[in-house]
Amino acid sequence: QEEDKKVILSMVETGSGFNSVNGKVNERMRNWVEETLIEAVKEAEEKSEDATTDLDLALLSNNVGKVFCNDGKYEIAITYFKKSIEIGLKVHGNEHCDTASYYNSIGKVYRMMGDYERALDYGNKSLEVRLKVLGNEHIDTAASYNNIGIVYQT
């Protein structure tokens, strides 16, 4: 049985069908990961005593948003980033590093979508918070300046 697997894999790798099979496997894996992440967020919401103030849920939602963003599924990413922002604002208010990070994430997505006005809006919110909380010399503040600059560059 093990030998059969080796023979089959060898035939696929050396044959013309390898790229097609590999592409299908990668697509199915990506879909499975995305479905699993969506389920994880739903489960976290259900298990949370108060999903509107659950900082672990905010972080999870932000990370799930990054996965969808990296996969080019921007509208879905925005949904998760906005959930993070809502929780962050309710728990920390507007003057907290995490809130700035969430603003920054959603600003990047809007930039990738070509919605430069919203990208600047969220980029400036991130910068404003980081200047207040971290100061002008912090690396995260520099990242906010950089992201705003990229919007103007495009």
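Cys69 lies in helix H3 of a predicted model, in which local features need pLDDT of at least 70, side-chain atom pairs count only at pLDDT 80 or more, and totals for chains, interfaces and linings use all residues. Residues are numbered from 1 along each chain as its sequence is written, and side-chain values use heavy atoms, with hydrogens and water left out. Helices (H or I, at least four residues) are DSSP runs, numbered from the N terminus. Cys69 has a relative accessible area of 9% and is therefore buried; buried means under 20% relative accessible area, exposed over 50%, and partly exposed in between, with a 1.4 Å probe and protein chains only. Between the C-alpha atoms of Cys69 and Glu2, which are 67 residues apart along the chain, the separation is 39 Å.

Helix H3 comprises 16 residues (residues 55–70), which at 1.5 Å a residue should span 22 Å; the expected span is 1.5 Å times one less than the number of residues. The end C-alpha atoms of H3 are 23 Å apart, in agreement with that expectation. The buried residues of H3 are Leu57, Ala58, Ser61, Asn62, Val64, Gly65, Phe68 and Cys69. Seen down the axis of H3, these buried residues fall within an arc of 165°, so they line one face of the helix; the arc is that of the directions from the helix axis to the C-beta atoms. Asp56 and Asn70, on the other side of H3, are exposed.

Both ends of H3 show local features. At its start, a side-chain oxygen of Asp54 comes to within 3.0 Å of the backbone nitrogen of Asp56. Just after H3, Gly72 adopts a positive phi of about 80°.

The packing of the helices that follow was then examined. Two packed helices are described by the angle between their axes and the distance between the axes. Axes are lines fitted to C-alpha atoms, for helices over the stretch in contact, and angles run from 0 to 180 degrees between N-to-C directions. Helix H4 (residues 74–92) packs with H5 at an angle of about 160°, the axes being 9 Å apart. H4 and H5 are therefore roughly antiparallel to each other, a term for angles over 145 degrees, whereas those under 35 count as roughly parallel. Their crossing is left-handed, meaning that the near helix is turned anticlockwise from the far one by less than a right angle.

Helix H5 (residues 97–113) also packs with H7, at an angle of about 15° and with axes 11 Å apart. H5 is thus roughly parallel to H7, and the crossing of H5 and H7 is left-handed. Helix H6 (residues 116–134) and helix H7 (residues 139–153) pack at about 160°, with their axes 9 Å apart. This makes H6 roughly antiparallel to H7, and H6 passes H7 in a left-handed crossing.

Definitions and conventions: Helix = DSSP H or I, 4+ residues; strand = E, 2+ residues; numbered from the N terminus. Polar contact = N/O pair within 3.5 Å; in protein donor to acceptor, adjacent residues only side chain to side chain. Parallel < 35°, antiparallel > 145°, perpendicular 65-115°, else oblique.
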